Amino acid sequence: MNEPWIQLKNVHLSRGGRPVLKGVTADLAGRAIGLVGANGAGKSTLIGALLGVLKAESGMIHVLDLDLPRNAMQVRSRAGVMAEQAGVFPGGSGVDAVVFAAMLNGLSRRESLRKAHRALDALDVGEERYRPVRGYSTGMQQRCKLAMSLVHDPEILILDEPTVGLDPPGRTQLLNLIRDLRDEGRRILVSTHIMHDADFLCDELLLLEAGTVAFSGPIRDLIDTGVGVVVAAGEGLDAAFAETLGQRGYDIREQADEHITFEPNQDVELREFWQLAAERGAEVRALGRDLPSLESAVIRAMEHTDEQ
Amino acid sequence: MAHSPHPVSTAFWIYVIPMISTRAMRIGIVLFAGFVACIAVLFMSGFISPGFVTDALQDLRHFLIMVGVPVGAVLLSEIPIRDGITHRTLLYPLLGPVPRVIQAVVRVVVTGATLALGAGALLLLIRILLKEGFGFLPRELLSVTLGAFAYVALFGVVHLYNRRGLITGLVILFLFDIPLGKVPFSLRNISPSYHMGVIAEQQESYQLPIMFGMPGTSVAMSALILLGIAIVFGALMVAGFKRKHLGELC
C-alpha cells in the first residue's frame with residue numbers, strides 16, 4: 001500500500017458565506033486520483049485548498065506531507081497545474097507559452113527553452129509549436145496547457161477537466177498521454193465529471209457530493225461491492241427455478257427465456273444456486289457477474305449519500 | 001533543483017515576457033512612435049518656420065508631461081491585472097510558486113518604470129532638438145518619474161476593482177484630475193497633475209475674474225505628495241492583489 005500523498009481531515013471551507021466543503025476527510029494514496037462530483041460539489045474549491053489558494057476554516061490539509069496553506073509555495077513548486085479556466089497567451093507561440101510556465105517555476109531562460117521542447121516532444125507536438133497559440137485547435141491548446149503544467153518536472157500533476165471541449169479522437173489522445181505520464185511514475189489528481197475518463201486514468205476516487213465525501217478509496221472498491229448482480233443462462237432456468245431461488249434468499253432481478261438475473265446477497269460462492277441447479281437437473285451454460293459501470297456505481301454512491 | 005533564482009527575478013520575467021503582447025503595450029508603443037513622428041516631422045519640415053517649430057515642440061513637451069504621462073498610465077496600468085483577467089492568463093502566476101505580494105510590487109514598479117523611461121526619452125529628445133541645454137531636464141524627469149509611479153499605482157487600483165478601468169480612468173483624468181489641477185484654489189493640491197506641473201514648471205491655472213493670490217506649492221512638497229500618492233495607492237494595489245479573488249481556481 002502506498003503512503004497517502006493527499007491527506008484531508010475534517011476540512012470545512014466556505015466561499016462567500018456559503019459552506020462549500022463540509023467536513024471532508026480522506027487519505028488518498030493512488031497513482032492517479034479522480035476527483036469527481038456534480039457541478040457545485042466542491043471540486044474546484046478543494047483544488048484551490050490543495051494549492052493553498054483558499055484557506056480552510058478548520059481541519060487539516062496535507063499534500064506531499066506538507067501542511068497547507070502554510071507551505072503553499074513549496075507545494076506549488078512541486079506541482080504542475082492544468083487549470084480549466086486558464087487561457088493561453090494570445091501573442092506567442094506554443095514554445096513561448098511553455099517557456100513562460102518554466103520560468104514561472106524558477107528555471108533560467110535557457111533551461112526553460114530546453115525543457116519546453118522536451119515537454120512538447122513528449123506530448124507529440126510537432127512543428128505546430130512554433131505557430132501562434134491563438135490559431136490552435138482546442139485539442140492542441142489542451143496539449144500546450146498540459147506541457148505548461150509538466151515542463152518543470154513536477155512530482156504531482158493537478159488536472160482540472162483536462163478533456164473538456166475535445167472531440168472523441170482528441171479526448172482519447174489526451175487521455176493516453178496522461179496515462180503515459182501516470183505510468184512514468186507521476187502522481188496525478190484529475191478533476192472530471194466524465195466517468196469514463198476517471199475509469200480510464202484513475203486507480204482511486206474521491207467522490208464529492210454537496211461538499212461531503214460520498215466515497216473515497218480504490219475504484220474497484222466502489223464498483224465491486226460484494227458479489228454484485230449475476231446473470232445465468234441455461235436449460236431449466238425457468239420461472240419456477242427463479243421463484244425457488246427467491247425463496248432461498250436471492251434477490252431476483254429478471255427471468256426470461258432461460259436467463260435469470262439475480263443478486264445472491266450473502267451467498268458469495270453461489271452454493272444455493274448450484275445446489276438448486278443440481279436438484280432440478282438444470283444445465284447451466286453460462287454464468288457471469290454483471291459489474292456496474294463506474295458511472296452507475298458513482299450515482300448509487302451519491303444517492304446513498306443523499307439518503308443519509 | 002540546481003538553479004533557483006530569487007522570486008523577484010521570477011516575478012519580473014513572468015511579467016515582462018507576456019507584457020509585450022498585451023493590447024495596452026501595443027497601443028503604448030504606437031503612442032510613443034506617434035510622439036516621435038510628430039517631433040521628427042516638426043523638426044525636419046523645411047517649410048515650417050523655425051519659430052513655429054520651437055513653439056510646437058514646447059507645446060508637445062507640455063502635453064507630454066500634463067496629459068501624455070497620465071493617459072499612458074491609464075493605459076499601461078491595465079497590464080498588471082486586467083489584461084491577464086481578460087485573457088485568463090493571470091491564473092498561471094496566481095497558482096505559481098511566487099508570492100502574490102512580490103508579484104504585485106514588481107508589476108507596479110515595472111509598469112511605472114516603463115512609462116517613466118518612455119516619457120523621459122521623449123523629453124530628452126525634445127530638449128536636444130530645442131538646443132536648450134540640460135539644466136532643467138532633471139526636474140522634468142523627476143516630474144514624469146514620480147507622476148508615472150503615482151498614476152500607475154492610482155489607476156492600478158481602478159483597474160483592480162473596475163472592469164471598465166480604461167474608461168473610468170479617462171473619466172477620472174479628464175473630468176476631475178486635470179481640471180482640478182488648474183483651479184486657483186487649495187483643492188488643486190489633491191490633483192497629481194498639478195504637482196507634476198509644479199515640479200516641471202508646466203502648471204496652468206484657469207483665469208478667473210477674482211484673484212486669490214494663494215501661495216504655490218514648493219517643488220519638494222509636490223515631489224513628496226506625488227511620492228505619497230504612489231506609496232499609498234501602490235500599497236492599496238498590492239493589498240488588493242493579495243486578497244482579491246482574481247479568477248483563480250475557486
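Visitor: Which residue of β8(A) is the bridge partner of Asp160(A)?

Guide: That's Ser191(A). Bear in mind that we're looking at a predicted model.

Visitor: What makes β7(A) and β8(A) count as paired strands?

Guide: Two strands need at least two bridges between them to count as a pair. Strand β7 (residues 156-160) and strand β8 (residues 187-191) of chain A are joined by 5 bridges, so they qualify. They run parallel.

Visitor: Which helices pack on that sheet, and which strands do they touch?

Guide: Helix α5 (residues 138-150) of chain A touches β6 and β7 of chain A, and its direction makes about 160° with that of β6(A). α6(A) packs there too, touching β3 (32-37), β7 and β8 of chain A, at about 145° to the direction of β8(A).

Visitor: What is the strand order of the whole sheet?

Guide: The order is β6-β7-β8-β3-β9-β10 (chain A), an open sheet of 6 strands with mixed pairing. β6 (79-82) and β10 of chain A are the edge strands, each pairing on one side only. Direction ignored, neighbouring strands are turned by 15° against each other on average.

Visitor: How do you know that β9(A) and β10(A) pair?

Guide: Same test: at least two bridges are needed. Here strand β9 (residues 204-209) and strand β10 (residues 212-218) of chain A have 6 bridges and run antiparallel, so the pair stands. Glu209(A) sits opposite Thr212(A) in β10(A). The two strands form a hairpin with 2 residues between them, and Ala210(A) in the turn has a positive phi of about 50°.

Visitor: Where do β4(A) and β5(A) belong?

Guide: They're in an open sheet of 4 strands, in the order β2-β1-β4-β5 (chain A), with antiparallel pairing.

Visitor: Why are β2(A) and β5(A) said to stand at the edges?

Guide: Because β2 (18-28) and β5 (66-68) of chain A each have a single partner strand, one side of each is left without a neighbour in the sheet. The twist averages 30° from one strand to the next.

Visitor: And what makes β4(A) and β5(A) a pair?

Guide: Strand β4 (residues 58-63) of chain A pairs with β5(A) over 3 bridges, against a requirement of at least two, so that's a pair, in the antiparallel sense. Within it, His62(A) has Asp67(A) as its bridge partner. Across this sheet lies helix α1 (residues 43-50) of chain A, over β1 (6-15), β2, β4 and β5, running at about 115° to β1(A).

Visitor: What kind of peptide bond joins Leu68(A) and Pro69(A), cis or trans?

Guide: A cis one, with omega about 5°. Pro69(A) lies in the loop between β5 and α2 (72-77) of chain A.

Visitor: Why are α3(A) and α4(A) called oblique?

Guide: The axes of helix α3 (residues 94-104) and helix α4 (residues 109-122) of chain A come within 8 Å and cross at roughly 120°. Roughly perpendicular covers 65 to 115 degrees and roughly antiparallel is over 145, so this pair is oblique. The crossing is right-handed. Among the contact residues are Val98(A) and Ala102(A) of α3(A), and Leu113(A) and Ala116(A) of α4(A). By class, the contact divides into 9 nonpolar, 2 polar and 2 charged residues.

Visitor: How many residues connect domain 1 and domain 2 of chain A?

Guide: 9 residues of domain 1 are in contact with 9 residues of domain 2. On the domain 1 side, helix α6 (residues 168-183) of chain A gives the largest share, 4 residues. That side has 6 nonpolar, 3 polar and no charged residues.

Technical notes
Residues numbered from 1 in each chain as written. Chains lettered and ligands numbered in written order. Predicted model: local features only at pLDDT ≥ 70, side-chain atom pairs only at ≥ 80, totals over all residues. Axes fitted to C-alpha atoms, helices over the stretch in contact; angles between N-to-C directions. Contact = placed C-beta atoms within 7 Å. Nonpolar A, V, L, I, M, F, W, Y, C, P; charged D, E, K, R; others polar. Parallel < 35°, antiparallel > 145°, perpendicular 65-115°, else oblique. Left-handed = near helix turned anticlockwise from the far one by under 90°.
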